[in-house]
Amino acid sequence: MLLRARQFVFAFPRPALLMGVVNATPDSFYEGARFGDASAAVAHALRLVDEGADIIDVGGESSRPGAGSVSEAEELKRVMPVLEALSGRAAIALSIDTVKSGVARQALRAGACIINDIAANRQDEGMWRLAAESGAAYVAVHMRGTPATMQENPVYDDVVPEVDRFFEDRLKRLLSCGVNPEQVVLDAGLGFGKRMEDNLRLLANLRRFTRWERPLLVGASRKSFVGAASGAKVQERLPPSLACACWGVANGAGIIRCHDVAATRHALRMTEALMKQQTNAGNHTYRQ
């Protein structure tokens, strides 16, 4: 299975890719990845690269529950200096976390190769056609509503088949817009318009989505449902976040979006070492 992101081509199976989070915003939910100053955001991104990040995901608009939108001009003001600095200093895949096609277009011109789109629930095809013409990878994220409204009493009969149907529909729509399936990443949207139990069900049933033969992205890092399920406050959510990351990789995820790259990398490499031994054990017959 291949993932094509302009000049980057990732072949799976492989060790899970680490997507490090850099929020060029003053109001993201986790202060450890919140940088209103561009130079501080660039420095943090380069630290994440040193820690082993394969992708740097730069965002200029908070997607925390209840967050309002910012203007395109403001979002560009926040992200463009960061992307421009990184594209010249780090040989790494850059992702733009945006719902605005205008922002995505400028980010791609600055060197980004991935569009991380939490608004893949839209009907407007502009973002998808941009992905098609640019060759950028496209992360299709499941979300109900918008960040401002998504946590207003979200209710599902069964979240797993609903997300599965969403993936089927979006793969068809993307293909109709000219997006090569090898450009597409699927993200179940943990925390985006879902109750704690919905997030846990999606993680528990993650392997179901591998049938689409596209890389699965898991972004559970330090989110509120992680705290609700584990009892951990925001600053204490690294251990349960690592548990979600390791579970995700053991159940088919190929990309982990995280704030704490070094710790996540160590945890995932250990998980993958165990998975390899489990596979090898299945190829041997032991005598008792």
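Me: How many helices and strands does the protein have?
Reply: This is a predicted model, where local features need pLDDT of at least 70, side-chain atom pairs count only at pLDDT 80 or more, and totals for chains, interfaces and linings use all residues. Residues are numbered from 1 along each chain as its sequence is written, and side-chain values use heavy atoms, with hydrogens and water left out. Helices (H or I, at least four residues) and strands (E, at least two) are DSSP runs numbered from the N terminus. On that basis, the protein has nine helices and ten strands.

Me: What percentage of the residues count as buried?
Reply: Buried means under 20% relative accessible area, exposed over 50%, and partly exposed in between (1.4 Å probe, protein chains only). Of the protein's 288 residues, the buried share is 54%.

Me: Is Ser221 buried or exposed?
Reply: Ser221 sits in the loop between β9 (216–218) and α7 (224–230). Its relative accessibility is 9%, so Ser221 counts as buried.

Me: Are α2 and α3 roughly parallel or roughly antiparallel?
Reply: Axes are lines fitted to C-alpha atoms, for helices over the stretch in contact, with angles from 0 to 180 degrees between N-to-C directions. The axes of α2 (residues 72–89) and α3 (residues 101–109) come within 10 Å and cross at roughly 20°. Angles under 35 degrees count as roughly parallel, over 145 as roughly antiparallel, 65 to 115 as roughly perpendicular and the rest as oblique. So α2 and α3 are roughly parallel.

Me: Which residues of α3 make the contact with α2?
Reply: Contact means heavy atoms within 4.5 Å. On the α2 side you'll find Glu72, Glu75, Leu76, Val79, Met80 and Leu83. Facing them from α3 are Gly102, Val103, Gln106 and Ala107.

Me: What is the separation of the C-alpha atoms of Arg129 and Cys177?
Reply: Arg129 belongs to helix α4 (residues 126–134), and at 41% relative accessibility it counts as partly exposed. Arg129 and Cys177 are 48 residues apart along the chain, yet their C-alpha atoms are separated by 5.7 Å.
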